[in-house]
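Reader: I would like to go through this structure with you, one part at a time. Could we begin with the strands?

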Amino acid sequence: MASWQMRGLAMLFSVVFKPHLATQEAGRARLARAKGSAEPPRSLRSGRLLERYEVSGFAVHVVHPRTSSQAGAVVYLHGGAYVGEIVSQQWQFVAHLADRTGCPVHVPIYGLAPEHDAAQALALASAVVAELAQAGSLVHLVGDSAGGGLALLAAQHAAPATRSALVGVTALAPWLDLAMANPQIPVVERVDPWLSRAGLVPIAAAWAAGTPLEDPAVSPLHGDFSALPPLAIWVGTRDITLPDCRLVRDRMSGEPSFRYTELQGALHVYALLPVPEGRRARDDIAAHVRTSFQVARER
């Protein structure tokens with residue numbers, strides 16, 4: 001059974017967040033909302049090194065660990081339905097990953113809809129990973145929600161030289177299909193206190209920018225899973241991304257390096273939430289990422 005904290009957040013989210021995506025009109029309003037700051041919060045700067053560089057005119061922030069292991073680099077792609085900027089909970093997760101893995105975490109600040117689109121974000125994520133690979137670094141891609149989908153796209157579309165440097169992809173409740181065509185999604189939607197398909201429809205259309213929603217250039221569910229580095233997915237059962245995550249689970253069931261964690265009663269991207277299940281998941285994810293570098297170096 002989910003913790004009382006998780007159940008309490010579900011009640012809160014159903015009141016505070018669910019209306020923002022409950023209808024297509026609400027989704028269009030979310031698209032039109034002004035963007036906030038994507039700068040790391042001041043609290044993150046205490047006792048650690050932060051750097052910033054640019055790729056193709058977009059900022060990439062680097063959050064360094066307090067103690068470095070020199071194992072490789074993590075590239076983190078934040079969620080927010082491709083319209084929301086990175087928020088404090090995600091920055092704290094980035095810091096947790098850095099400290100627990102001993103690796104710098106590179107955070108590309110990709111452009112958001114409606115001013116920017118999927119092709120631009122994929123190009124940026126791919127360029128960041130390629131530059132790290134060219135510099136001789138091993139790379140683990142991590143993303144939550146929309147960022148989880150983008151992380152998978154970057155791995156699926158990586159050039160051979162880049163792909164050889166990828167040690168893993170970790171996706172937390174990834175948005176796998178912009179069309180949200182899975183017939184099981186309406187079933188889960190009834191118990192998801194946060195997300196609704198209706199509001200995501202105009203957002204998906206804006207993000208795809210004319211590309212068919214089923215195209216593997218925007219929806220990794222329809223892409224090639226055969227040449228991916230080791231893939232891990234974390235998802236809860238009160239999350240409309242669950243049905244497509246299960247499709248990937250079934251597709252990857254014969255792959256020994258595939259890891260799938262499904263938590264009963266957990267909400268969307270529960271690993272980022274201030275609940276006991278979230279704290280355990282954050283530690284588990286960081287340990288998994290750390291191990292991926294160790295395994296790659298032992299080959």
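Predicted model: local features only at pLDDT ≥ 70, side-chain atom pairs only at ≥ 80, totals over all residues.

Reader: How many bridges join S2 to S4, and in which sense do they run?

Author: Strand S2, residues 58-63, is joined to S4 by 4 bridges, and the two run antiparallel.

Reader: What about S3 and S4, how do they run?

Author: S3, residues 73-77, runs parallel to S4, with 2 bridges between them. Val 74 stands opposite Val 105 in S4. Together with helix H3, residues 88-101, these two strands make a right-handed β-α-β unit.

Reader: What does His 61 touch beyond its sequence neighbours?

Author: Leaving out residues up to four places away in sequence, His 61 touches Val 105, His 106, Val 107 and Ile 109, among others. Its contacts also include Ala 38, Glu 39, Pro 40, Glu 51, Arg 52 and Trp 91.

Reader: Now the helices. Which residues of H2 are buried?

Author: In H2, residues 24-32, the buried residues are Ala 26, Gly 27, Arg 30 and Leu 31. They lie on the same side of H2, because they cover an arc of only 145 degrees around the axis. An α-helix has 3.6 residues a turn, so residues three or four places apart point the same way.

Reader: Which exposed residues are on the face turned away from that side?

Author: Glu 25 and Ala 32 are the exposed residues carried by that face of H2.

Reader: What do the buried residues of H2 pack against?

Author: They pack against H8. From the side of H8, the cover of its buried residues includes H2 and also helix H4, residues 118-134. The buried residues of H8 are Gly 199, Leu 200, Pro 202, Ile 203, Ala 204, Trp 207 and Ala 208.

Reader: How far does H8 reach from its first C-alpha to its last?

Author: H8 has 12 residues and reaches 16 Å, close to the 16 Å expected at 1.5 Å a residue. Ala 209 follows the helix, and its phi is positive, near 55 degrees.

Reader: What comes in the loop between H8 and S7?

Author: Pro 216 is one of the residues found there. It counts as partly exposed because its relative accessibility is 31%. Apart from neighbours within four places in sequence, Pro 216 is in contact with Leu 153, His 157, His 222 and Gly 223.

Reader: And S7 itself, how many of its residues are buried?

Author: S7 is mostly covered, with 7 of its 8 residues buried. Strand S6, residues 166-172, pairs with S7 in the parallel sense over 4 bridges, and Leu 172 stands opposite Trp 234 in S7. S7 is also joined to strand S8, residues 259-267, by 6 bridges, and these two run parallel. Ile 233 stands opposite Tyr 260 in S8. Between S7 and S8 the chain passes through helix H9, residues 242-251, in a right-handed β-α-β crossover.

Reader: A change of topic: how many disulfides are there?

Author: The count is 0 disulfides. As for individual cysteines, Cys 103 is buried, because its relative accessible area is 0%. Cys 245 likewise counts as buried at 0% relative accessibility.

Reader: Where is there a cis peptide bond?

Author: The bond from Ala 113 to Pro 114 is cis, with omega near 5 degrees. Pro 114 lies in the loop between S4 and H4.

Reader: Finally, the backbone of Ser 56 and Ser 145. What is phi in each?

Author: Ser 56 has a positive phi of about 55 degrees although it is not a glycine, and phi of Ser 145 is near 55 degrees, also positive. Ser 56 is in the loop between S1 and S2, and Ser 145 is in the loop between S5 and H5.

Reader: Are those two serines buried or exposed?

Author: Ser 56 is exposed, with a relative accessible area of 65%, whereas Ser 145 counts as buried at 11% relative accessibility.

Definitions and conventions: Residues numbered from 1 in each chain as written. Heavy atoms only, no water. Pairing = 2+ DSSP bridges. Right-handed = clockwise from strand over helix to strand, strands pointing away. Buried < 20%, exposed > 50% of the residue type's maximum accessible area, 1.4 Å probe, protein only. Contact = heavy atoms within 4.5 Å. Disulfide = S-S within 2.5 Å. Expected span 1.5 Å × (residues − 1). Arc of directions from axis to C-beta.
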